[in-house]
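Student: I would like a close look at a single helix here. Please set it in the context of the whole chain first.

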Amino acid sequence: DKTAFHRSQTLGYRNGYAVVRHPTVGIGGDRLQVSQLSQAELDKLASKAPVLTYGQPKQAPRAEFIPAYVAFDKKVLKFDAYFQEDVPLSTEEHYRIRQVNIYYYLEDDSMSVIEPVVENSGIPQGKLIKRQRLAKNDRGDHYHWKDLNRGINITIYGRTFRVVDCDKFTQVFLESQGIELNPPEKMALDPYTELRKQPLRKYVTPTDFDQLKQFLTFDKQVLRFYAIWDDTDSMFGECRTYIIHYYLMDDTVEIREVHERNDGRDPFPLLMSRQRMPKVLVENAKNFPRCVLEISDKEVLEWYTAKDFIVGKPLTILGRTFFIYDCDPFTRQYYKEKFGISDLPRIDVSKKEPPPVKQELPPYNGFGLVEDSAQNCFALIPKAPKKDVIKMLMNENKVLRYLAALESPIPEDKDRRFVFSYFLATDMISIFEPPVRNSGIIGGKYLGRTKVVKPGSSVENPIYYGPSDFFIGAVIEVFGHRFVILDTDNCVLKYMESNAAQYSPEALLSVQSRVRKQEAPAPELDNQQMEEDPGVQELEALIDTIQRQGKDRPCRDNIRKMFQIYDKEASGHVDRETFFKICDSLHLPVDDSLVKELIRMCSHGEDKIDYYNFVRAFSN
């Protein structure tokens, strides 16, 4: 029995080289009955032509040539297909299915696409693509009948067609050429065409609301509201005014812009064109593409109506909150008749201008005048302060001079005297100290021409000394130094009498009394009167005690002069209020126990005080 069924090995190696061996045993171990020929002999036999053995072969008769336009004349492959077309500007349909027939002409490999005409479709139909060879790709290849089949998509000029079926001839031809056809598909139907096949009239219960009646009743009747949109909270926002029109005939809303002259905005008349405005949307319609498609009643639960527009209440339209502040007379009359609202007052929405920001000056550095230094804060190139030219011309070379003493706790300064010069043209003051021999103090110019600020005035609004502040007994504070006016010249009296309205009566009398020497002598008491009246003895003893204890008190003559100024009748008595006012101006120690007792003894009645005996208590 045969047990070996393998093929004999024909490859081997000899001295490291591959050697081909001819098989001698076949499958099953049987000996091969062939002549052992070498490879060269086999190649030689293969190169010999059979013509040498058998002679020249007989040529078969040639087949008759039939051109393609004759062989495939009037043979056309027909395929049923459709394509989908988007409808972006319609609320009734979003896409459209269009059925076509694709014809393939075998005689020249051309194709055409024809859409059957549908009655009342409103679409240009018929031949979509005329007969031609159609490109399959960008390389220039054209469609062939081998590329066509059922259940495939083909793209022609950017439009994709879905092939669903073919006719009987096409099916037989493709199967005869060895092409396996896909099963046929169902033709897609156009939803809008199917919708039109439904009955046109649906019998429903009519509603009470009649749009035709609304149109005929409220035609050309428009509610006008005046509103503002305040966007000042955002960056570069502002408050702008608008006019809102509500058309009663169809419940539409229009928002118009109010342009002002030179407002810098393009003259667009409308912010929002006339349309119905939704108030409440359904839950699923929040992401509705309103910028592309119109909103219908299916996406809206409630629309804006006339009752939503009330004067004095905010209204949000398209993300903007408008505040209605007024309306026209027709709108007021409509709301009174329709809704019973009779009070629609105009609301003042004008914003008050903020108060101007007060310009604060930097702290005064002490150099120069305040007005001159402040000019650096008003302009980049400072200008000199404006001067009263008329005042300077009228008071040119007019100077008021006063004699003053320095108030100082230093004993050496008590005898120093100063001459104040007040220049009426510029309101400036200069101080000169006359030199005194062997005084140890160098006299001369004490203060150059400058304006002197009164104590207590602020740096922003300085108050300078004027002519009315200078009179006998007045205290002038110059840069921390206090001076008391003691005397004046005759020019001062003439100026004060010619300009009496600028001075107080006390100041005018103080100068007049000095010039005119109106001083009344004090009555003297004899020894007999002192012995008979014990009260007089007590008064004299008290005066002597005060004179012995008195130190650093004003001179008796100065005190008498001040009392005589107020005692116009020269009676020797003044009222209590005037008495204490004079004592306070002369810094007399009225709080001292001895002085209080002296005032009590000099009192005559409840309102008069004898200043003659009071003055005697002070030394000359």
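Student: Among contacts in the protein between residues at least 6 apart in sequence, what percentage join residues at least 24 apart? After that, take me through helix α10 and its buried and exposed residues.

Tutor: This is a predicted model. Contacts come first. Of those between residues at least 6 apart in sequence, 48% link residues at least 24 apart.

Now the overall form. The protein holds 17 helices and 25 strands. Its radius of gyration is 64 Å, whereas the globule rule gives 25 Å for 620 residues, so the protein is more spread out than a compact globule. Along the principal axes, the C-alpha atoms fill a box of roughly 200 × 100 × 60 Å.

Next, the surface. Of the 620 residues, 30% are buried. The accessible surface comes to about 43700 Å². Carbon and sulfur atoms account for 52% of that area. As for charge, there are 85 positive and 92 negative side chains. The centres of these two sets lie 11 Å apart.

With that in place, turn to α10. The helix covers residues 490–498. Its buried residues include Val492 and Leu493. Tyr495 and Met496 are buried as well. Why do these four share a side of α10? Because they cover an arc of only 165° around the axis, which puts them on the same side of the helix. The other side of α10 carries exposed residues: Asn490, Lys494 and Ser498. Buried means under 20% relative accessible area here, and exposed means over 50%. So by these cut-offs, α10 has a side with buried Val492, Leu493, Tyr495 and Met496, and another with exposed Asn490, Lys494 and Ser498.

Notes: Residues are numbered from 1 along each chain as its sequence is written. This is a predicted model: local features need pLDDT of at least 70, side-chain atom pairs count only at pLDDT 80 or more; totals for chains, interfaces and linings use all residues. Side-chain values use heavy atoms; hydrogens and water are left out. Helices (H or I, at least four residues) and strands (E, at least two) are DSSP runs, numbered from the N terminus. The radius of gyration is taken over C-alpha atoms; the globule rule is 2.2 Å times the number of residues to the power 0.38. Buried means under 20% relative accessible area, exposed over 50%, partly exposed in between (1.4 Å probe, protein chains only). Contact means heavy atoms within 4.5 Å. Accessible areas come from the Shrake-Rupley method with a 1.4 Å probe; for residues, only the protein chains shown count as cover. Lys and Arg count as positive and Asp and Glu as negative; His and the chain ends are not counted. The place of a charge is taken as NZ of Lys, CZ of Arg, CG of Asp or CD of Glu. The arc is that of the directions from the helix axis to the C-beta atoms.
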